[in-house]
Amino acid sequence: MNKRTRFVVLLAVIALCFVFLWPSISWYARTPKELQQLALGSNENIKSYAELKAAEDVRAIKKQDLSAPLADEYAWLKKDVTKRFKALDKKVPAELTLKDVLSVYDSELDFMTVLQTRYRDEIVKAKKYYENSVKLGLDLSGGMNIIVKADLDAALESMSESSEKENDAEFKKEAMANVIENLASRIDKFGLTSPVIRQQGEDRIYIEIPGAAQADAINTLIMGKGVLNFRLVDTEATNAFKAYYAMNPATTFNALGELMDPSIIPADCEVFGEYKKDEYGLDERYDWVVVKKEVALEGQHVKAATIGSDEFTNQIQVHFTLDTEGAEIFGNFTGAHVGENLAIVSDNKVKSNARIQSAITGGAVSLTGAFSYEEADNIKKVLQTAWLNVPLEVESQQVIGASLGEDAINAGKKAIALGLVIILIFMLIYYKASGINAVVAQVLNLFMMFSILSAFNLTLTLSSIAGMILTIGMAVDANVLIFERIKEELRQGKSRPAAIAMGFDNAFWAIMDSNITTFIAAIFLSQLGTGAIQGFAVSLAIGVVSSVFTALFVSRLMFDFDTDVLHAKKVSIGWGIKQ
């Protein structure tokens, strides 16, 4: 490979590494702290925040003089407004006023949606930067990890009388999956930072929550139980509310999500969002439903839930059974409200809204609708929250304060910087001008390591920083081997080009042998180890690859550049070397 090709390859590698590292640079250096906090929240919280801010903007704009020019803070609207003027075959005013802006939108809700999209896109863009950046582990960012034990035997015993119960193994498997989903939904809806929730073994759940979190609040969420009940839908009030909301989206709810004018719905009713799972498995509101405050049936009466199909139409259905008391209550209620809608409400979210076709007696209930299997499965899981009683116990809990994480970050930075500076000073003093090659190789080595961490969305911990520090020493060792080989060739009276070529050739296999064995050990550690050991092994493996590239490829290119472009005749590579 000639020098020009090698130079192009090096530029391509640097450019690719920069692309990989850009999300980390954008997140840690270019994203304001306030925006970071918003981006770290759940998607549901991001949506709520965007709606709130859009509503505030609409209210503020309506209070202004509509004949006034469009303020600079809304200058970004000009592009969308211009497009809408052209779509309406209207001339765009030379100076846009607030009245001009509002005139091109079909309704206040349409205008509010544009503002909401602006806020959401800004936060989602920052969230994508975070998702594609180097993550900080708990030991650096602070937070807490919890191990929760699920008492599956107790849950199995409580269900021993259910005729619908499957074999014990299947029951436990389904119970654990349901508990994990409920915990994820319960913790994430409070906007906590990207929680990690996974099963460990048969009956334990590992929860990791980066960032500042209150232990008592988290324990309450974990040990708490979702509330599920059945309520009658007020169809007339629902239609009236949706019409009102379409006309007044910015003044319907306040910052706490409460109605600003409670009189728009009957006093005996409440308004909830109707939710379904989006493509990411998160609850997404798509409609509003007004339901009676009076609970028709408590979820505790549900004893089992399954998915089936209609024997005549083959349409997917959700079947659930009630206990004796629940069957009597439900039979009387549905008999009195035939033709009306009944909503399943879980944690103040409407998860199903079905019409009562006839009185449902006997305790066996079937929900029929245009369900996909996924939608039916979600309704089944919602019903299971009421009857799967799995006692949870916090076995261990470790809280790491944000200040401790900051101290760890600063200590890691100092360790890397101090080690790097001392090594580079030594290389410059001992190997003179050739030490510059080692300096450039080391800086590029760190750049590549962080880029690879960012590319694979890996987590940076104290142990991985230790692996990086070890890699710095190994990278210098490769340069020392090369330099010493070159010095041996120079002592034999060879010219600069010949000494450099022979030096790299002779050092090649010594460098490769040592790094290959280290790489193999790192791979085994990363596969067999866990936690801190795995983090150390992964960063070490990455460092081995990048240090070999910088020592053999980049350093050689720099020597050749001095020889062929700068026409250097001698090699400044140490004391007492005569040329």
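The following legends describe close-up views of a predicted model.

In this predicted model, local features need pLDDT of at least 70 and side-chain atom pairs count only at pLDDT 80 or more, while totals for chains, interfaces and linings use all residues. Residues are numbered from 1 along each chain as its sequence is written, and side-chain values use heavy atoms, with hydrogens and water left out.

**View 1. Strand 10 and its covered residues.** Strand 10 spans residues 341–346; helices (H or I, at least four residues) and strands (E, at least two) are DSSP runs, numbered from the N terminus. Six of the six residues in strand 10 are buried, and the strand is mostly covered. Buried denotes under 20% relative accessible area, exposed over 50%, and partly exposed the range in between (1.4 Å probe, protein chains only). In a regular strand, side chains alternate between the two faces of the sheet. Asn 341, Ala 343 and Val 345 point one way from strand 10, whereas Leu 342, Ile 344 and Ser 346 point the other way, and all are buried.

**View 2. Antiparallel partners of strand 10.** Two strands are taken to pair if DSSP finds at least two bridges between them. Strand 5 (residues 228–233) pairs with strand 10 in the antiparallel sense over five bridges. Within strand 10, Ala 343 is the bridge partner of Arg 231. Strand 11 (residues 349–355) also pairs with strand 10 in the antiparallel sense, over six bridges. Here Arg 355 in strand 11 is the bridge partner of Asn 341. The hairpin of strand 10 and strand 11 has two residues between the strands, and Asp 347 takes a positive phi near 50° in this hairpin.

View 3. Side chains of opposite charge can pair when their charged atoms come close. A salt bridge requires a side-chain nitrogen of Lys or Arg within 4 Å of a carboxyl oxygen of Asp or Glu, and a search of the whole structure finds 18 of them. In one of these, Lys 242 is joined to Asp 287, with the closest N and O atoms 3.3 Å apart. The pair links distant parts of the chain, with Lys 242 in helix 11 (residues 235–247) and Asp 287 in strand 7 (residues 283–298), 45 residues apart. Lys 242 is partly exposed because its relative accessibility is 29%; Asp 287 is likewise partly exposed, at 23%.

View 4. The side chains of Glu 484 and Lys 487 meet in a salt bridge at 3.4 Å, N to O. These two residues are three apart in helix 16 (residues 462–491), so about one helical turn separates them. Glu 484 is partly exposed at 27% relative accessibility, whereas Lys 487 is buried at 4%. Arg 485 forms a salt bridge with Glu 488, the closest N and O atoms being 3.8 Å apart. Arg 485 and Glu 488 are three residues apart in helix 16 and therefore also separated by about one helical turn. Arg 485 is partly exposed at 31% relative accessibility, and Glu 488 is partly exposed with a relative accessible area of 38%.

**View 5. Two buried cysteines.** Cys 17 counts as buried because its relative accessibility is 8%. Cys 269 has a relative accessibility of 4% and so is buried. A search of the whole structure finds zero disulfides, a disulfide being a pair of cysteine sulfur atoms within 2.5 Å.
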